[in-house]
Amino acid sequence: MDKRYNTLSAYLREKYGGRLGKICLDGGFTCPNRDGTCGVGGCIFCGERGAGEHIKPAPIREQVRAYLSSPAASKYSGYIAYFQNFTNTYAPPEILRKRYAEALCDPQIRVLAVGTRPDCVDEPRADVLMEFTSGLDVWCELGLQTASDKTARFINRGYETSRFSDAVNLLHSRGINVVVHIMIGLPSGESEREGADEIFETVRLINSLPVFGVKLHSLYVMRGTRLCGIMERGGYQPLEMDEYVRLAAEAISRLRPDIILHRVTGDCPRSLLAAPDWNTSKSAVIAGIDAYLESHGLRQGSKI
Ligand code: SF4
């Protein structure tokens, strides 16, 4: 079926002649929303490993070599070095430079991707990322989750939305591609959940900025998180799959047509998932979004 939105795999095929394997890395960083700098306890949905539950900590070169010698790597001829868990610009610039350089230890790595928080991007850190843009694509992945400051306070995100726009503009001015993570299904208060209005407002903010890519995540509840505690005492109800599919498809139809969708759902390691059960059915969720777009005559950007 013709995809009705821009997929990362199509983008990579056009740019690199094929898909790239993703090397998910633990850079040995922490997060200012956990160590008390801007908050404690972290975002309410975040697990112990800072959104990188499947990554085993090890020296960075070892992590890269372990992936490249694995059967999974043999499917690809190029790779993305992705600093995934915690806040990967949360260190002095000289440390960042060293750790990013360690990850680029193989010439088949075509993209350096760095996940971080908008309040941890300033000029010196953007300049370090820019140093790697000669001969390499550099993506900076910003966790926005929502444009609503009310929701952001409830989920303990730890920064005001205005910081996000500043970070996007700064990174763009340095030639860095910005990928934005947003979540559908977020609680906006005790027994309150974001609906279409809040989600479309988040999409409108993204559309107004020089954003290269978006990762749409379905919010899932991981065992041991504060969100799990809220759910267990009845203060949060996860979305049903059909609600997620509708909201995701409607959000895509309002997303600027040049933006690349790097993912359209989230997936939690099975052993850590508390709810919803459908989170493990990634291909069914993607098929549901495709079918919704098709049956409603929608495409990316058709409702702008
Ligand atoms: S900013 Fe990221 S790593 Fe830090 S608490 Fe929130 S989700 Fe976890």
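In this predicted model, Ile60, Arg61 and Val64 of helix α2 meet Arg99, Glu102 and Ala103 of helix α3, where contact means heavy atoms within 4.5 Å. By class, this contact of α2 with α3 comprises three nonpolar, no polar and three charged residues.

Residues are numbered from 1 along each chain as its sequence is written. Because the model is predicted, local features need pLDDT of at least 70 and side-chain atom pairs count only at pLDDT 80 or more, whereas totals for chains, interfaces and linings use all residues; side-chain values use heavy atoms, with hydrogens and water left out.

**Helix packing**

- Helices (H or I, at least four residues) and strands (E, at least two) are DSSP runs, numbered from the N terminus.
- Helix α2 (residues 60–68) packs against α3 at an angle of about 20°, with the axes 8 Å apart; axes are lines fitted to C-alpha atoms, for helices over the stretch in contact, and angles run from 0 to 180 degrees between N-to-C directions.
- That angle makes α2 roughly parallel to α3; angles under 35 degrees count as roughly parallel, over 145 as roughly antiparallel, 65 to 115 as roughly perpendicular and the rest as oblique.
- The α2 and α3 crossing is right-handed, meaning that the near helix is turned clockwise from the far one by less than a right angle.
- The axes of α3 and helix α4 (residues 123–131) come within 9 Å and cross at roughly 25°, which makes α3 roughly parallel to α4.
- Pro93, Leu96, Arg97 and Tyr100 of α3 form this contact with Pro124, Arg125, Val128, Leu129 and Glu131 of α4.
- The contact of α3 with α4 has six nonpolar, no polar and three charged residues; Ala, Val, Leu, Ile, Met, Phe, Trp, Tyr, Cys and Pro count as nonpolar, Asp, Glu, Lys and Arg as charged, and the others, Gly among them, as polar.
- Helix α7 (residues 196–207) and α9 have axes that come within 10 Å and cross at roughly 35°, in a right-handed crossing.
- Ala196, Ile199, Phe200 and Val203 in α7 meet Leu247, Glu250 and Ala251 in α9.

- Strands β4 (residues 137–145) and β5 (residues 177–184) pair in the parallel sense over six bridges, and Cys140 has Val178 in β5 as its bridge partner.

**Backbone features**

- Gln145, in strand β4, has a positive phi of about 70° although it is not a glycine.
- A cis peptide bond joins Ala275 and Pro276, with omega about -10°.
- Pro276 is found in the loop between β11 (273–275) and α10 (282–295).

How values were computed. Two strands pair if DSSP finds at least two bridges between them.
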